[in-house]
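Subject: Structure handover

Hello,

Here is the structure I promised to pass on. Please open it before you read the notes below.

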Amino acid sequence: MRKYVLAAAGGILAGALVTTQIAGPLIAQEAGNNRSVYQQLDMFGDIFERIRASYVEEVDAAELIEAAINGMLTSLDPHSGFLPPRDFDDMRVQTRGEFGGLGIEVTMEDGFVKVVSPIDGTPADAAGIEAGDFITAVDGEAVMGMTLDQAVELMRGPVGSEIVITVVREGRTEPFDVSIVRDTIRLTAARVRLENDAVVARVTTFNDQTWPNLRDGLAEAIEEAGGLDAVSGVVLDLRNNPGGLLTQAIRVSDAFLDQGEIVSTRGRNPEDGERFNATAGDLIEGRPMVVLINGGSASASEIVAGALQDHRRAVVVGTRSFGKGSVQTVIPLRGEGAMRLTTSRYYTPSGRSIQALGVSPDIVVEQPPRRDIEDDNGPTRPQRSESQLRGSLLNDSMSEDEQRMLEEERRMVEETARLREQDYQLA
């Protein structure tokens, strides 16, 4: 028994020695770091007081503090930032699906505001703003040197008021001005329609309305087609969808998966990671799927595309997506407003991060610029055929049912040809 006690005592002593040798320097280093932090905070206080006392014009102390907080957050990455009370309220309104503005999702790149995507049916979309455009000035005022929030604030204004933004676009040698009238943006998060015997689900954003819109729209379209057996497949159109709520991306992915991981998130600490799995039940019972993406598909859109691609549930068609692979947490502050902080990265089911890389489509299809149907020679004359001639002979080698089937196939081919003029990727 005594040997065990001695052994235990020896172990405790050895442990104490190891702790002293290792933890001592660490504690000293931490104390040194704390002193450095406190010294820098003291320096911040000195600068703050010097600005208040000596700056050429009188400054508002609250605005100085707000700018300092925002600068600290925006120095981390393009998606972290401070949300003053009004911006925080606007953000909560946007996730509910209605807000005022131009209708564009933007980020900051190389000191300029870059358009992630215009939102369908908004003033910016109608004015021809495209994903990838750079906004260099607003009403003649350069945005270079502004924070993203400052530039966005500049673009806000009363509904019905006009704004002129200066745009730089790849392929254009000179910047050009675009005039837009601000409006109330009412988002229908998902619109579903039939295209021949295929269901096309266009998802424009991921807010609180996305899942209910998609679920109800799919049910109506399937009923219109005559039941699921009459549906050849589903196209999930995520082009120019800038993302939104992670919870909605998970629900949309789950709608077409029976099992398996949808997405995982990993923060700085391993214990903070989360994994989200699909539940049983596929709304379209395994029917073929295509997901359409482009450079304006970001964040939540990429989560959906990546999940369906990794599970080989859908063929991804289009061009490479935007490449935003981080998750932001909005943290309300004790005073007013909130902070938007990047807290984790997300990973597709195969464990890949799309940060800065995007989702690569299985089939790359560019969207060519739309061309006018009428050329310089005027409208084309309608073509005539033998069947349109008066008194033409009937085809005696096919039954009436076979002829109807042939005409239906021909109609579908012609509709697809017309669709190519409007939307080549979808066609």
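Is D133 buried or exposed? D133 counts as buried, because its relative accessibility is 1%. Here buried means under 20% relative accessible area, exposed means over 50%, and partly exposed is in between, with a 1.4 Å probe and protein chains only.

Some ground rules come next. This is a predicted model, in which local features need pLDDT of at least 70 and side-chain atom pairs count only at pLDDT 80 or more, while totals for chains, interfaces and linings use all residues. Residues are numbered from 1 along each chain as its sequence is written, and side-chain values use heavy atoms, with hydrogens and water left out.

**Salt bridges**

A salt bridge is a side-chain nitrogen of Lys or Arg within 4 Å of a carboxyl oxygen of Asp or Glu. By this rule the count is 15.

D133 is in one of them: its side chain meets that of R169, at 2.8 Å from N to O. D133 sits in the loop between α4 and β5 (134-138), and R169 in the loop between β7 and β8, so the pair ties together parts that are 36 residues apart in sequence. Helices (H or I, at least four residues) and strands (E, at least two) are DSSP runs, numbered from the N terminus. R169 also counts as buried, because its relative accessibility is 15%.

D120 and R202 form another salt bridge, and their closest N and O atoms are 2.6 Å apart. D120 is in the loop between β4 (112-118) and α4 (123-126), while R202 is in strand β11, so this pair ties together parts 82 residues apart in sequence. D120 is partly exposed at 25% relative accessibility. R202 is buried at 10%.

R193 and E195 make a salt bridge as well, with the closest N and O atoms 3.2 Å apart. Both ends are partly exposed: R193 has a relative accessible area of 37%, and E195 has 23%. Salt bridges that share partners also join D120, R202, D237, R239 and D423 into one network.

**Strands and sheet**

Strands of a sheet pair through backbone hydrogen bonds, either parallel or antiparallel. In this model, two strands pair if DSSP finds at least two bridges between them.

Look at the open sheet of 6 strands. Its order is β10-β11-β12-β15-β16-β19, and the pairing is mixed. The edge strands are β10 (190-195) and β19 (363-364), and each pairs on one side only. β10 and β11 are antiparallel, with 6 bridges. V192 has A201 of β11 as its bridge partner. Helix α6 packs on the sheet and touches β10 and β11, and its direction makes about 15° with that of β10. Axes are lines fitted to C-alpha atoms, for helices over the stretch in contact, and angles run from 0 to 180 degrees between N-to-C directions.

Now find β7 (residues 162-168) and β8. They run antiparallel and are joined by 6 bridges. V167 has F176 of β8 as its bridge partner. Strand β8 (residues 176-181) has two faces: F176, V178 and I180 are on the covered one, and D177, S179 and V181 on the uncovered one.

**Cores**

In soluble globular proteins, nonpolar side chains tend to be buried together. A nonpolar core is a set of buried Ala, Val, Leu, Ile, Met, Phe, Trp, Tyr and Cys residues joined through side-chain atoms within 4.5 Å.

The largest core has 40 residues, and L236, F256, V291 and L308 have the most contacts inside it. Elements that give two or more residues to this core include β11, α6, β15 (289-293) and α8 (300-310). The largest share, 6 residues, comes from α8. Another core, of 20 residues, lies apart from it and has I135, V143, L148 and A151 among its members.

I293 is in strand β15. I293 is buried, with a relative accessible area of 1%. The C-alpha atoms of I293 and S360 are 9.1 Å apart, though the two residues are 67 residues apart along the chain.

T204 lies in the loop between β11 (198-203) and α6 (210-225). T204 is buried, at 3% relative accessibility. Beyond four places in sequence, T204 is in contact (heavy atoms within 4.5 Å) with residues including D120, R191 and N240.

Best wishes
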